[in-house]
Amino acid sequence: MIVNVYKDLQSKAPDMPYRQISEYKSTGTVASPTKTWNKMCLLDKIDDLDRNTLRQKVHSFWLKKELPTIDKILEAVNDDPALPNFKRTTLYTTIKKLYFVFTKRKRCSVLMEREDLLVWRQNYLYDVSKFREEGRTVYYLDETWVNTGDFVDKLRFLEGGLLCFLSKKNSSDYHDETNGDNFREWFESIIPRLEPNSVIVMDNAPYHSVRAEKIPTATSKKNEILS
């Protein structure tokens, strides 16, 4: 294709400046460009359960009044058979992507959560405690995956509120299976089933808060931007 375009331009506009294809002139062919793949990091391959377990590993050291260094966290994580084995550099990168920051304490670099996340958690705990004192029903909303053969003895679901479907995408992230339209349709069917003056707790998955109007980007067409 490259050679055909080159010949076509050369015949139609011989005076037009263009870069010479030195490889084609010397060999008569053009090699395909090397494909580059975006390598997935380990954080993208693990699910929310594993991510929360990693956070709990860090929190557990603070609860024991120990300073959580990266070496201590690495040992605790790799001793847990429920978690994948990490190399030190991989764990360091993963922990930082979970919004922990490293700070100096007693000549050691220890892990602490960002201050804005600490404030968010404090506000959340305060609000939920207040709602419970007011006697309001609190519903927790989340998504997860199950494998064939998984079961538990007891489940507590809102009657008629479970949305279950067969995964069709070959993806390590179950969040790829849904979108804003599907979530909104399900959510609107749930609202009439809830008790009056209740509270709904959900995370910030992309399809939980979809913009009503798409914001134009640098690749948007002119008519989209005008609209």
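Two residues are in contact when heavy atoms of theirs lie within 4.5 Å of each other. With that in mind, here are some close-up views of this predicted model.

**View 1. His208 and the residues around it.** His208 sits in a loop, the one that runs between β4 (199–201) and α9 (222–226). Leaving aside residues up to four places away in sequence, His208 touches Leu141, Glu143, Phe183, Met202 and Asp203. Is His208 buried or exposed? With a relative accessible area of 11%, His208 is buried, because buried means under 20%.

**View 2. Helices α5 and α6 crossing.** Here we meet helix α5 (residues 70–78) and helix α6 (residues 88–97), whose axes come within 10 Å and cross at roughly 105°. The angle makes α5 roughly perpendicular to α6, because angles of 65 to 115 degrees count as roughly perpendicular. On the α5 side, the contact is made by Ile70, Asp71, Ile73 and Leu74, and on the α6 side by Arg88, Leu91 and Tyr92. Sorted by type, the residues of this contact are 5 nonpolar, 2 charged and no polar.

**View 3. The buried face of α5.** Which residues of α5 are buried? They are Ile70, Ile73, Leu74 and Val77. Looking down the axis of α5, you would find these buried residues within an arc of 100°, so they line one face of the helix.

**View 4. The largest nonpolar core.** This core has 15 residues, and Leu54, Ile73, Leu91 and Ile95 are the ones that touch the most other members. Helices α4 (48–63), α5 and α6 are the elements that give two or more residues to the core. The biggest share comes from α5, which gives 4 residues. As for Leu54, its contacts are Ile46, Val77, Leu83, Phe86, Leu91, Thr94 and Leu98, again not counting residues up to four places away in sequence. Another core, of 9 residues, lies apart from this one, and its members include Phe183, Trp186, Phe187 and Ile190.

**View 5. Thr53 in helix α4.** Our last stop is Thr53, which has its place in helix α4. Its relative accessibility is 17%, so Thr53 counts as buried. Which residues does Thr53 touch, not counting those up to four places away in sequence? Thr53 touches Asp80 and Leu83.

Key
Residues numbered from 1 in each chain as written. Predicted model: local features only at pLDDT ≥ 70, side-chain atom pairs only at ≥ 80, totals over all residues. Heavy atoms only, no water. Axes fitted to C-alpha atoms, helices over the stretch in contact; angles between N-to-C directions. Parallel < 35°, antiparallel > 145°, perpendicular 65-115°, else oblique. Nonpolar A, V, L, I, M, F, W, Y, C, P; charged D, E, K, R; others polar. Core = buried A, V, L, I, M, F, W, Y, C linked by side-chain atoms within 4.5 Å. Buried < 20%, exposed > 50% of the residue type's maximum accessible area, 1.4 Å probe, protein only. Arc of directions from axis to C-beta.
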